[in-house]
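Thanks, everyone, for making the time.

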Protein chains: 4
Amino acid sequence: MSSMMGNKIKISVFGQSHSKAIGVVIDGLPAGKKIDMEKVMAFMSRRAPGRNAYSTKRFEADKPEILSGLVNDITCGAPLCMVIYNENQKSADYNNIMDTPRPSHADYSAYIKHNGFNDVSGGGHFSGRLTAPLCFAGAVCMQILEDMGVSVQAHILSIKNIKDDKFNPINVENYNIEKKEIPVINDNKGEQMKAEIEKAKLMGDSVGGVIECAVTGIKAGFGEPMFDGIENQLARNIFGIPAVKGIEFGNGFEATTLYGSENNDEFCIENGEIKTKTNNAGGINGGITNGMPILFNVAIKPTPSIAKIQDSISLKYKTEKELEITGRHDPCIVPRAVPVVEAVAAITILDIIL
Amino acid sequence: MSSMMGNKIKISVFGQSHSKAIGVVIDGLPAGKKIDMEKVMAFMSRRAPGRNAYSTKRFEADKPEILSGLVNDITCGAPLCMVIYNENQKSADYNNIMDTPRPSHADYSAYIKHNGFNDVSGGGHFSGRLTAPLCFAGAVCMQILEDMGVSVQAHILSIKNIKDDKFNPINVENYNIEKKEIPVINDNKGEQMKAEIEKAKLMGDSVGGVIECAVTGIKAGFGEPMFDGIENQLARNIFGIPAVKGIEFGNGFEATTLYGSENNDEFCIENGEIKTKTNNAGGINGGITNGMPILFNVAIKPTPSIAKIQDSISLKYKTEKELEITGRHDPCIVPRAVPVVEAVAAITILDIIL
Amino acid sequence: MSSMMGNKIKISVFGQSHSKAIGVVIDGLPAGKKIDMEKVMAFMSRRAPGRNAYSTKRFEADKPEILSGLVNDITCGAPLCMVIYNENQKSADYNNIMDTPRPSHADYSAYIKHNGFNDVSGGGHFSGRLTAPLCFAGAVCMQILEDMGVSVQAHILSIKNIKDDKFNPINVENYNIEKKEIPVINDNKGEQMKAEIEKAKLMGDSVGGVIECAVTGIKAGFGEPMFDGIENQLARNIFGIPAVKGIEFGNGFEATTLYGSENNDEFCIENGEIKTKTNNAGGINGGITNGMPILFNVAIKPTPSIAKIQDSISLKYKTEKELEITGRHDPCIVPRAVPVVEAVAAITILDIIL
Amino acid sequence: MSSMMGNKIKISVFGQSHSKAIGVVIDGLPAGKKIDMEKVMAFMSRRAPGRNAYSTKRFEADKPEILSGLVNDITCGAPLCMVIYNENQKSADYNNIMDTPRPSHADYSAYIKHNGFNDVSGGGHFSGRLTAPLCFAGAVCMQILEDMGVSVQAHILSIKNIKDDKFNPINVENYNIEKKEIPVINDNKGEQMKAEIEKAKLMGDSVGGVIECAVTGIKAGFGEPMFDGIENQLARNIFGIPAVKGIEFGNGFEATTLYGSENNDEFCIENGEIKTKTNNAGGINGGITNGMPILFNVAIKPTPSIAKIQDSISLKYKTEKELEITGRHDPCIVPRAVPVVEAVAAITILDIIL
């Protein structure tokens, strides 16, 4: 298994950047759920390129075509398959990298794994373009979750050293970030991030950032001990998003600098319900939800495709060689990665609570 | 599935802190491998309590008893089952927490999940004691990995704000940390950490830290795209260790503060071999090894069991209530968690490369 | 998981009889394998309808369209997705069965499972039409198996009470049955079977039969003990073919009427190689191949769609009601099921030996 | 994975015939279920040897020891581990077969798979003795099923050519066979079977038979389409029982000799409930239960261990060689296999309906 995930809700992602189509099969959706395709499209458009000044201007229509699994927009229990046909692929752009792997891309490791038969064009199956089907699957799962009172929401927590406010860990409201050009809580910080991205772009460079994600409305008692806890499953799936290099739950790495007495979430009774006063655990103890919002942060590295000339090698001759990456590339993929993180979280959580 | 993991090497962990025994079944070990039981014991003793001044003094003999899978200490292809009989359990210590969950333990979430039937005594199946069988399985897998030229090594990267040196990411030597009381590279830092732990102990408090782990000798081309990459599988399994709240690969969260040009690992040729000049990616691109050392950091939260009185609640009466945790507890589990991280890494990597 | 199978070679089948398209994702194919699409088409045509007098005349172009996974007809390591667009669906034919389930079809059990939201039209996801993508996947896997010296071959062993000759269990040659209208070894028996099918058709009735399948060229030592043996995995997957109601390995049920001394396969040395003199075990001992041909028989029930009026019920009113199934249906699906059995065997065996 | 099965209820079987112990881990049992250990013991004793004249007289105490997962005989949600210590192993009996594989045992295929390191003694991990832990797990699952109104019952349908009556497929009552020496419906047939077994024993030979199993009380709508249907999962797991060579559901292979009009199960209304008039489908359509009893038959080959001298080979010298199997062996394992079939059915069904 590689491009599949899940136990009850099973996702199979396929396609390469420049193959005829990309898409996803979703197996295990409960039957009888009406899918609002307009909401799906709206969700997918948050990931789509060309939405703002600094994202790639390549044409990407990304019209999802449903091949199976829906009857009159209602799930029928059969696997739902969605495809997006690729158009206007400029494979020519990638001729030079067939022999010269791009630093910090998967070109080299895939070349070794697949004995040189990997589809290098546009990054092949490793392309960020494969997150479009993930967003589709996430949008579908999110609608089913909403019926269950569960919602998923993410925002940019930081771009380089500029930090947005955090979600209120005790009570995550609706921050209405999905319509913003830069999905942040604090718009001033959003403007600074924009400037930082613009600066990187002008330098022919790129920047990364951190995304904070919250799942609210999930009751206590979900998840399994040890290897099938909420953290295990979210971590496994979130690392399926290209460019992710770290994940932490609750206060994560920061917890290692606190005393136990500072980090522990003491219990209290609020309106007759058992709650914790703080939520440093990010809603999870022993892999199992405790009823507080699930909170996690995801580290997105700076886009490896940069305009600057870099040192690489010739695979054929095993000699050193400079590489110049041409074509347009996002100087920062973090804003577009926000709905992708939400999507993978939604798929994972639905898989767990079904 | 919950306490099981793996595809080729399949681990099934069982036992509760105070059940008759704890243990592990390892299914899928290649036949014909001689297991050096003395080395296994030596490895397990690194996790054992009572090794230093600040670790719990409870008696834990931890003698592994092999029930199956070995013939004359050689794997025979049948599942290897190992058990450790629990002795001298003091279940009485835990009577008060049956109704009063300990903050930031799994008591409450497990109570909800299991409708109050969870074995609360000693933390039950969520106890750190279950890492003993994990260490056993890891020690076995490590010996098989060594035959393949792969080695796994971890050290404490930080305790609270005191930081050890990092592994050389390009060339991880043998740092011989396994025999140290505090497994660090820089012994001065180790002394400071010890003082920090001692201080927390005196305060009736606890501290956490970060563990850095390296896997060396692994060739390029292992791992799968998307959801079955090295990062996905390591992350999923490492979160199976109690108290882990974060994982990052290579420079992880720090990468989000760098420019792409700083973070990218440029290629070079070294002695005719393709290498990268830096190893910010932690040896993994697109989920697949690139031949450089695999590097990752694990965040361990401060021990939730502290001597200070904490606010909790009565599960029965849904009223607020103070809780005093009695018995001896480690003010810092990070030193004992170092071999556990190595063990889980070894099991995971062996599972991937078989 | 439901319409997915496999561990290394992972198949995800999607589509309904009358959905926009049907298809399959094949994940895990080794990279660098040239796929001969003409051979794939030839294989698929063996399953296609309208090939002979008694099979349904519905138009089914079944042109496989490759969306991903191949670059210049060579596998690139990314998931291979193939779709077949459905044309000329006559959904109107199925209006009456929405409330009146067809006996021995999945209409009723799927109605209950999916709360009435199942796609009943043409049998939906349960339709025999879904075996077209299975044949595609099988044809691809078979080409990779052939490179490894493994071949898969099936024939009709019986239709109703008419029995074909059996494969020579010790040495299964190439019987060249794939081009026959009725894929049998003994053509006289084939003519009798044809007459039997014709007779059933005239009566508005249907017949079933048994398919014998052989896998040759597979070395000893493949498979796992207990639950992941060759028999377990073949059985699990073969029951994924609609209308299969039984499977037996080697002499199967007949073995229960023999003495041990008759049924045991004694060993011998032949040209320096260890063989068995008989092959009653069908090439498998303890779930593991012994180097002899793998042999198994599959029971295919008579087509449940018959022209005769049958007793059914109204789901809405819970009253008894007669049902007349209109439209054209195969009086016997066994001939078309022969390549499907080969396909599933090929996928399963490739999954095991990779 | 090999000696593991299941999705929600996960079973991990370990041990060899002559290892220190054999046992099983059951992961995923719901918490709060009282397990009646006396009933478990009574169930296990049905499989135990020495129960009648013709079964092996080897001493097998088979006292299950619970290591974890129960608190006061109530499941606590943690994995339940049970071990049986092996006593009085006579490994010496097996010295001669280390080089001379027994026909139709797994000795040879396991030797190849494990490069000669397999534990040959007593059949190692392939021994019928490993069905004792399966029976334990089945007995536990059966108690949970009973709380849900589901029961599992099997009997000997045939020994060699002597056939017992069949269950009433429409309405499977309690046939009270569990206390019989020969678990059959028709005791006259039981006497004839006994004579047949006795005859085989005197000849130094063995006989096999067919077991019929019924699962009653299961509602319509369980199971998944295609590869995760009831038939797929039962078949996969039942082939985990040593000596099983075939499985058929409902009238299985017999269906292939009937017309569709004879084989189809027409619907009717009975006391306001939807039923089928016949149950040729064995309660399953499209992999999904239809509310009728689940019925299946299992083919058990004659015991491969016979007293007669047989032809074998020397693995070392690759020469032909006669083999005489010494020690006591059951001339027929079918009676003892009856509870094993029930056990595996119970585990599988519980896994599906949870």
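Let me begin with the interface between chain C and chain D, to which chain D contributes 88 residues and chain C likewise contributes 88 residues. On the side of chain D that touches chain C, those residues divide into 38 nonpolar, 34 polar and 16 charged.

Which strands pair between chain C and chain D? Strand E11 of chain C, residues 244-249, runs antiparallel to strand E11 of chain D, also residues 244-249, and the two are joined over three bridges. Within that pairing, Ile247(C) has Ile247(D) as its bridge partner in E11(D).

Some chains, by contrast, do not meet: chain B and chain C do not touch, with their nearest C-alpha atoms 8 Å apart, and for chain A and chain D, which do not touch either, the nearest C-alpha atoms are 8 Å apart.

Turning to chain A, its pLDDT averages 93, and 94% of the residues score at least 70. Where pLDDT is low, the predicted coordinates should not be read in detail. Chain A contains seven helices and 18 strands, and its C-alpha atoms fill a box of roughly 70 × 50 × 35 Å along the principal axes. Because a compact globule of 354 residues would have a radius of gyration near 20 Å, the 21 Å of chain A agrees with that expectation. Of the 354 residues in chain A, 64% are buried, and among its contacts with a separation of 6 or more, 71% join residues 24 or more positions apart.

Note on methods. Residues numbered from 1 in each chain as written. Chains lettered and ligands numbered in written order. Predicted model: local features only at pLDDT ≥ 70, side-chain atom pairs only at ≥ 80, totals over all residues. pLDDT = per-residue confidence, 0-100. Helix = DSSP H or I, 4+ residues; strand = E, 2+ residues; numbered from the N terminus. Rg over C-alpha atoms; globule rule 2.2 N^0.38 Å. Buried ≥ 20, exposed ≤ 12 C-beta atoms within 10 Å, placed from the backbone. Contact = placed C-beta atoms within 7 Å. Nonpolar A, V, L, I, M, F, W, Y, C, P; charged D, E, K, R; others polar. Pairing = 2+ DSSP bridges.
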